[in-house]
Amino acid sequence: MFAFIVRRLFGAVAMLMIVSMVTFGIFFLLPKLAGQTTDQLAASYAGKAPTQEAITDIKERLGLDDPIAVQYGRFVKGIVAGQDFSNGPSVMHCDAPCLGYSFRNSEPVLPTLLDRAPVTLSLAAGAAVIWLVVGVGIGIISALRRGSLFDRLAMMTALAGVSLPIYFTGLVSLAVFAYGLKLWPNGVAYTSFLDNPVDWAYNLILPWVTLAFLYAALYARLTRAGMLETLNEDYIRTARAKGLPERTVITKHALRASLTPILTVFGLDLGLLLGGAVLTEKTFGFAGLGALSIDSIESGDLPMVMGVVLLATVFIVLASLIVDILYAVVDPRVRLN
Amino acid sequence: MKKIKIGASLAVGAVLAAGLTACGGDSESGTSGSAAKADAANTAVVNASDKKGGNLRYAMSSDWDSPDPGDTYYAFSWNFARNYARALTTFKNAPGNDNLEVVPDLAESLGTPSDGGKTWTYKIRKGVKFDDGTEVTSKDVKYAVERSNFTSELQLGPKYFKQYLVDNPGGYKGPYKDKSEEGLKSIETPDDHTIVFHLNTPFSEFDYLGTMPQTAPVPRAKDTGVNYKKEIVSSGPYKVDSYVPGKEMKLSRNQHWDASTDPLRKALPDTISVALNQNQDDIDNRLMSGALDVDLAGAGLATAAQPKALGNAAQKNHTDVATSNSLTYMTISTKVAPFDNPACRKAVQYAVDKVSVQTGLGGPLAGGEIATTVLPPSVTGYEKFDLYPSANNAGDPAKAKEQLAECGQPNGFTTTLTARADRPKEMAAAQAIQQGLAKAGIKVEIKSYPSGDYFTKYAGAPSFVKSNKVGLSMMKWGADWPSGFGFLQQIVDSRSIKPAGNTNLSETDIKAVDDLFDASTQENDTAKRNAMYGQVDKAVMESGDIVPLTYSNQLLYRPDTISNVFVSAAYSGMYDYLNLGVK
């Protein structure tokens, strides 16, 4: 087990390096291939109709004309040894691991990521609990009562959940519950759990439910399909023939076997969401990692984009690792070595 | 492609959401605010009140360029900054065109010109304090101008002071590089409450430059350069408790602000909060349900919310169609044949179907009112006239053909029209122009370029214009300050023609126009100056160099939750943020 984890962590570091190089390459090379010059990039850091003198100043300050290898080297050096940045009257040191400095926001990347991460974590974790409980629960019941009215209604709702995008359900839920029924008369705005746990949950209910609606629908269908397939297996018939109670057959035999694919998907889904629940955050105006990534891409803030991408990679790699470990727990046939 | 799909779906969702909100939306409550009719805030103060307290809630779908008063260029930012930054002068807190009047703010009175308008002296009010309790001095104002105009770090704001102030021998490098006490020699501070600006040319509108937040004092010891936007030292009634880029700003009362030093501000709310990067459709829904007070950007309701606001009588009463001080227009290059002949330019003036153009720009609401003058109505010096009338503004091909015959092109000709590829409405307007001119026999080929390069390499580079025979160019322009000079000088003064980054796209070169600008910079009588701007407008239109298309406007929404609401003509037709209160 230990060797497995160490091996995977080394793999993760290699993955992060590759991802950082690819992201860097995309941001530097693609715009150039499309004809964008460093003058234009510099102009985006200046006001209306900047002079050539201003553009030259900006290029010099941000090192935009340096070769890509030099700029990437500077980024890697910052992670290992930290970096200095001039803010005008003085020089600011960004301690290692310095993931870069956002010239748009005038702040180091890492503290921004750490500031935004709790928003996304709160959103993803709460929604995950809801969709797992509701989605898997409905899936099981639907499978057991296949063809019943409940099954049909549940699957129709699930179909709607899968089909309706979050920016639609989010806006509609805000319009109905927040501004129409005045359950959230001032709208929703993220409050830190540490500041006020009740407000935290109150403000997150709508985003949680909206996000969970989509995923619960997916998981209900996935669980139902898995359960139906498993319930037709020979060993289930054997278990029933042995005279085991139906509850034992369902929970210990059928559900356990159906959980493996759900666990796989759940790990990846959660990892992706932790990297940024982009649509939910933008719809509800939450300043999480997803919103940060989109805003940074729109404003061409490469250091911030790099930071978000790397953090998202870490989440996905970690989530995959945890899922692999959990396989062994859920399915005794799996051995990590 | 994905972005477009998301945007379209968002719009659909927003429309449905807006409809659903309408069921539970607010209704008439019989207060003075609800009694106010549509467009009331264009000419009067709605919900006038001196009631203090509460939290004034702003939101915006994007972020600032920077809230640092010395490093920002957005009109909403200049408008809002007055809560925490007192510039030398500002605009009168009054609705309608009275708002265009410049009044003293940090200064005791407007500037005193001398030396034929090349020297401007201001007396700073005594007793004005920063939020740390120290008194504001003239040195803080001098430092603010130096840092905002002469450093390479702060590049987001305009550089008018750098343009107009006498430079040091060898060139002043700004206070971050030049640590000398003297700094820029052309700004003198003979005592703590006097500041003197020495200009390189007479400039009668220097008081307008004083309205820019760049003249709001910054204490040298507290300046943290590009980080100052997060550590702003306030000189206004509110201090900035926090600004988190991309997230929020929070303000609370500056305990050291003294109302006796500030006759302009009421300082009504206890706190002000700004939520950033919010969903625009949600912002509109929140405004209409009273869950939000102000959309900080001031650009009006998005397309999805407009039908709901205008389709319901109660909601419509909360709206104001406000004119911004910008103009969408097309320039005609006076240096490219056959447009070097005025009659050919006039043929285009008559041929353009402005109604189709307006539709292309988004209709009367989103696209604006049809324009016939270069100066928009909300800029001082505006006079209403139309030198090229046509029935219903739909163009007059017959008159256009008469002009074509006069300029020796009776069978028409072919020319090129440039537009910005990433501005779909501008592209649609260009196509409408293309169709209108075709009726008169002028064949137009549209060439589109990215907006980032439009002025530096294409339409704004005269050599490119000539070598590629660009006869026509799409353009939109807003004034940095709402006077005829602020609006016109950069687009029709021959001396503003630059080899790159040019904004006088038509390369208008009319001696009478240049002379009027020169005369206006030395004319201290505002009425006489304004008359000159009207003359410039007429001269340019007579020459036919510019085809005005629409005066831009926006559909604003004022919820019943706020007081002292009126449209600011000075700040591009958004609400005036100086004295808003919580009702």
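Entry 1: I worked from a predicted model. I looked up the strand order first. Chain B has an open sheet of four strands, ordered β4-β5-β7-β6. The pairing is antiparallel.

Which strands stand at the edges? I found β4 (112-114) and β6 (187-191) of chain B there. Each has a single partner strand, so one side of each is left without a neighbour in the sheet.

**Entry 2: β5 and β7.** I then looked at one pair. In chain B, β5 (residues 119-123) and β7 (residues 194-198) are joined by five bridges. The two strands run antiparallel. I picked out one position: K123(B) is opposite T194(B) of β7(B). As background, strands of a sheet pair through backbone hydrogen bonds.

**Entry 3: the helix.** What lies across β6 and β7 of chain B? I found helix α4 (residues 138-150) of chain B there. Its direction is at about 170° to β6(B).

**Entry 4: chain B against chain A.** I looked up the contact between the chains. On chain B, 45 residues are in contact with 40 residues of chain A. Which elements of chain B give two or more residues to this side? They are α1 (2-24), α7 (280-289) and α15 (451-454). α1(B) gives the most, with eleven residues.

The side of chain B that touches chain A has 20 polar, 17 nonpolar and eight charged residues.

How values were computed. Residues numbered from 1 in each chain as written. Chains lettered and ligands numbered in written order. Predicted model: local features only at pLDDT ≥ 70, side-chain atom pairs only at ≥ 80, totals over all residues. Pairing = 2+ DSSP bridges. Contact = placed C-beta atoms within 7 Å. Axes fitted to C-alpha atoms, helices over the stretch in contact; angles between N-to-C directions. Nonpolar A, V, L, I, M, F, W, Y, C, P; charged D, E, K, R; others polar.
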